[in-house]
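Please find below a note on the model under review. The comments are set out as numbered points.

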Amino acid sequence: MDSSKSILSRLFHLTPIDFRDESDEKYERCCQLVYNLCNGVSEKEAHDALSGLVCKNSQGHDDVNVGLLIIILIEPATAARFYRDLTYLTRDGLNLVIGHLNSIVTEKFHKLQDHSRSQVIWLIKELIRNTVNNVDNLCFHLLRQIAGGDLSQKNIWLTESLLDIFVENRVWIEKYNVLIATIVYTYLRLIADHLGQKYNVLRQKEVDFCILLLREKFSDCMMIGRDLVRLLLNVARIPEFEALWRDIYNNPSSLSPTFTGVAQLLAQRTSRRFLQCRLTPDMEKKIGFLTSQVKFGHQKRYQEWFQKQYLSTPESQTLRCDLIRFICGVIHPSNELLCSDIIPRWAVIGWLLTTCSSNVAASSAKLSLFFDWLFFDPEKDNIMNIEPAILVIYHSVKSHPIITATLLDFLCRIMPNFSLSLKAQVKQGIYTSLRQILLKRVLPSLSPLFEKLDNELQSLLKETFPEFCTSFGIKIDEPLKDSSDLLVKTNHLSLNNSEHTEHEAQFSEDEDDIPLADKLRNRDVKFRPIRENKVDNFGFAELLNDNIKKHFINLKEEKDCELRCEIIEKLLEAVLQGEFDQDLTSILGAGLAQILSDEFSRKIFPDEVDDESIEDSIGTPLFVMFRNLCQTPDDDPNRQPLLNILAEMSLHQCKLGYLLLYYLKASKAQENRMSTYKDYVHTQGSWAPVTRNMESKDLASSLLNDLKMCQEDDVRMFCYIIPDIYAQFQGIAVGNARLLNLIVSCIDPTQLQDLICLLIQKNIIMFKKESFLSVLNASLEWESFEQFCLWQLIAAQNIPIEYILPMLPKLEFTTHSEALISIALLLKQEKPSADLLKHIMSREVKPNDNFAVTVLTNWAKEHEEVLADLVSSHILKSGSSLKRKRQTNNKALAPTVDQTLAHLDQLRITCKQNAFFNSDSIQSALLQVQSSCSDTQKAKFSDLFALVEELEDMKSSKSGRMGGRGKPSGPKNMKSKPAILDSDTETDSTEDEETIKPKPRKKKRLLGFDSD
C-alpha cells in the first residue's frame, strides 16, 4: 500500500481551483487512519487492530468503515482483502458505507479517477452478490450519471458496465419495481443515441434487455406513464420493438392483465422521478441555478457555457428533449419566483429550440414540449406542464415569428397525425389545454397568437381551432392597458422594471451551426412585450334601449371612481326596470366584463389592513354591483336578474367569484352573508346551458376553484378570506385536504400565526375526525414546509392523538420524516398507555429508524414504572399470541413477538442505563416469553435475553452473600425464573435442561399463558 501519494489525488481528478470540503477531509483522515493500523503488520494483526478500534466506540466504527471504503476505491489490487474486512467489521449492515458511496456517486462521480470508477462498479457487484440493502438506490444514482447525447468513451463504458450488472443480476433487480422502470426508461432513451454501426453490439444488448423487461415486467414499467410511449416511438423501427408495438395495439393483455392499451399509458402523467433521471446531477444543478438565480437579460453567458459543455456535439441534439421534458415537468417555480425578475422557463426553452441543428431534433423537441398537451386532464395533470409551450409561442410573436409559426403548425398537424385511433382523444386533450390556459389566466386571450401569420397557416388554425378563433356572439378580448399587466404572470418581470427592457425575452441563441438561428440572426432578437391594440367591441350597445345605452357609454368614458359608482347604480336601476331576457343578460354581462376589466387587473387588497383601507378597497363599480345584490332580499324578483348578469360576467372574468367572497368578508353586510355566494354558484350552474359554460357548477368545486385562483393572484387576500370560509362553509372546508394544501403552500409565518390563534381561541375548526386520516395521507406528498405548517395547525386544534395512531405503522422514517417528527413531539407530551404502545410496537424495525426507540426512551425516563408495566403486559400478550399460533396455526395478532422484542432490543442499545430492564415485571415477562420462543428467535435476540440473565445472576450472587450472613439463600420463589404454569406448558418446559420448578405463591402468582 502506497500511502505516500495524496489520498485525494488518487481518488479524484483535482484542479488547482478545487477546494477540499468536509467530506474530502473525512475521507483522507479515515483512510490514513486505516493505513496507519495496517502498514507493516500481517493481515491478522491488521484485522485485530481494526476490530479493536471498531469495538471501542461508534466513532471508531464509522472511521474504519469509511477508511476501508476509500482504500477499496483507490487500490484495486487489495480491494478484495479490505472488502472482506469491511464485511466482518461493519455493525450496521453497511448502511454507512452505502450512504457515503451514494454521496460520492451523486456529487463527485464526474471527478473520480478512472480506476476509482471501475472500483465503484466492482463494489456494486459485490454488494449485490451479498444482498446488501439499499444497493438499488445506488444503482439509480449511477444510472443518472449516464448522460444522454454523449458518445464519449467514459459514458459508453459506464452504460455498458451497468447493463452487464443488470443482465447478470436480473433475478435481483426483479425485487425492485421502481428500479426496473428506471432501467427501462434509461436504456430506451439511450438506444436512440447508439444507432451508429460502431455501437451495434451495445445497442443489441440494450434492445434485448429492454424487450425482456418490457415483456416480463410490463406491469412495473407501466408506472412510467406517457413518456414510455414517447420513448417507444423513438425506437419503433427496430424489429423487436415493432413486434412489441403490434402486441400493444392488438393484444395488450398479453403484456399485463391490467393493461388495456396505449391510451391507458398516455392518460398517466409521468412522474418527476423519471424525467429527472435523464439529467445528470451536474446538469440538474446548473439548469436549476439558471431558472432560479439568473436574472432575465443576464442569462446569455450561462447559456453559452452550458451549451459549450453539454450541447456542442452533433449527438447532443437528443439531449434537448430531455432538458425540455425536465423543465416542463420538474421545474415548477413558486409564485414569488414567477413575480421576480428571474429568467422564466419559456425563455430557456425558446433558447433550446433555437439551438436545434437538424429537423429530426427540432421535431422531437417540439413533441417533448407539447407532449403533456395531447392527453391533458386538469384533474391529474398540472397547468405548469403546459404553460411554457404557450408562453414560448406568445412571446415569440414579434421577436421570433418563425418559432411561433412552426410551433402552431406543429400543434395543428400533431392532432390528426399522432395516432389515427386516438385522434378524438388528442383533440380533446389539446382543446382542454387551451381552455385551461384561458381559465387560469396564463394568457388573457389567444387572439394575438393567430394574427400576423401567413394565409395558409391562418386557414389551418381556423380549421383546427374554430372554438378559439371565433367567439360566440360578441368577441371579448381583455385588452392590456400596459405591458406590465402581463409581466407578473408571464414574463416574470417586476412592474416598472425599466432597467431590463432592452434585454427582455432574448433567447441568446448561439451564432454557429444553427439553421433556425441563421434565419433569425438578421432579425431583431430582442423581445418587446406585446401591446395589444384595444379593439372597440362596443357596437353591442346599439342593441340596448336608449336609457341603458346612455349609462353604458357614460360608464365607459368616465374615469372618476365615485362618478362611475353612481353611474353603475343608475345603470342597474334602468336595467331592472325594463323587460329582462336571456339575450339582454348575455349582452349586459359581456359588456360589463369589458368595461370593468380594470377592476380585475388592479391590486385590490390594501397594503395596510384596517377598517378604513378595507372599506376604500371595495368602493368601486364592481363592488357596487355586489352591494346591490346583497341588499336585494331573497324573495325580490330583481335578485335573480342580478345573479344572471354576474354569472355571464364570470364567463369572461374568472376572478369574479373570489372578488365576491372578498366583498362578503370585507363588507360585513349580514350575518349569513355567504348565502349570496351560494346563490351565485347555483346561478352559474343553472345558467350553464345558456352561457355556453361546459362545466356544471357545484358549490364545493366552485369554492375551491375560486380560492385557488385567489391564492395564485393575491396570497394576502386569500389569507384574509380563509377564516370566514371555515366559519361559513364548514361542510366543505373543514377537513378538506385540497383547501389545506392551498393554505400551507402559500402562507408565511405571520399568516400561520393568525390561523393558529383562531384555532386556539376555537373561533374556527379546520379538521374533523371523519376525514382526518385522508388529510394526513394526502399531506405526505406535500413539501416539507407545507407539512410542518399542517402539523402546527393540528397541534393548535388539539387533535386527539388517537386520530393519528392508525397511520403510524405505515410511515417510513426516511421518506415521511416531517410527519414522524411531529407525531414524536405529540407523543412526548402524552403519558404511555396500552393503545399508544400497541401502535408504536406495530411499526417494523428497520435500520436507522429511530422513531419508536426515541419515544420509548423518553417514556422510560419520564414514566419508568408505568412503561415497565405496560411493556411487560405487552410482551406477555405477544408471547400468548405466539403460543396460540404454535398450537392452533391461527393468524398471529399484531404486533408480533418479533416486532416487540426488536423494539426492546433497540431500546437496550440506545438506553445508556439498564434501570428500565431492572424492573421485576420486565424481567419476568422476558423470561417467560423466552421459554416460548423458537431457537431462531432466541439467537436473534440473544443480547436482549442475555441482559436479563446477567441481572438474574447478579441477584442470585447477592442472595447467596446474604445467605452467608444468616439469611435464607434458597430460591425465594425464583421470582425471575420462568414458571411452569399449567398442563399446556409442561411439554414445552421439559425441553429446557435442568429447569427448576418454583414453589408457587399463596396469594399472587406470575402472569402466564392461561388465556389459552
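The points that follow move from the overall fold to individual residues.

1. Basis of the note. The model is predicted, so that local features are reported only at pLDDT of at least 70 and side-chain atom pairs only at pLDDT 80 or more, while totals for chains, interfaces and linings use all residues. Residues are numbered from 1 along each chain as its sequence is written, and side-chain values use heavy atoms, with hydrogens and water left out.

2. Overall composition. The protein chain contains 56 helices and 0 strands; helices (H or I, at least four residues) and strands (E, at least two) are DSSP runs numbered from the N terminus. Of its 1012 residues, 52% count as buried, where buried means under 20% relative accessible area, exposed over 50%, and partly exposed in between (1.4 Å probe, protein chains only). The chain exposes about 47,000 Å², and carbon and sulfur atoms supply 50% of this area. Accessible areas come from the Shrake-Rupley method with a 1.4 Å probe; for residues, only the protein chains shown count as cover.

3. Contacts in sequence. Where residues at least 6 apart in sequence are in contact, 75% of these contacts join residues at least 24 apart. Contact here means heavy atoms within 4.5 Å.

4. Nonpolar cores. The largest nonpolar core has 173 residues, and Phe241 and Ile390 have the most contacts inside it. Helix α11 (residues 177–191) supplies the largest share of this core, 10 residues. A second, separate core comprises 132 residues, including Ile567, Ile618, Leu629 and Ala819. Such a core is a set of buried Ala, Val, Leu, Ile, Met, Phe, Trp, Tyr and Cys residues joined through side-chain atoms within 4.5 Å.

5. Surroundings of Ile390. Neighbours within four places in sequence aside, Ile390 is in contact with Trp373, Leu434, Ile437, Val442, Leu443, Leu446 and Leu449.

6. Salt bridges. The structure holds 39 salt bridges, each a side-chain nitrogen of Lys or Arg within 4 Å of a carboxyl oxygen of Asp or Glu. One of them joins Lys154 and Asp114, with the closest N and O atoms 3.5 Å apart. This pair links distant parts of the chain, helix α9 (residues 153–168) and helix α7 (residues 114–129), across 40 residues. Lys154 is partly exposed at 39% relative accessible area, as is Asp114 at 44%.

7. Arg627 and Glu569 meet in a salt bridge of 2.4 Å, N to O. Arg627 lies in helix α36 (residues 621–631) and Glu569 in helix α32 (residues 561–577), 58 residues apart. Asp607 and Lys603 also form a salt bridge (2.4 Å, N to O), and both residues are exposed. A network of salt bridges links Arg226, Asp227, Arg230, Arg325, Asp372 and Asp381.

8. A buried glycine. Gly225 occupies the loop between α13 (218–221) and α14 (226–234). Gly225 counts as buried because its relative accessibility is 0%. Beyond residues up to four places away in sequence, Gly225 touches Leu265, Gln268 and Thr270. The C-alpha atoms of Gly225 and Gln268 are separated by 4.8 Å, although these residues are 43 apart along the chain.
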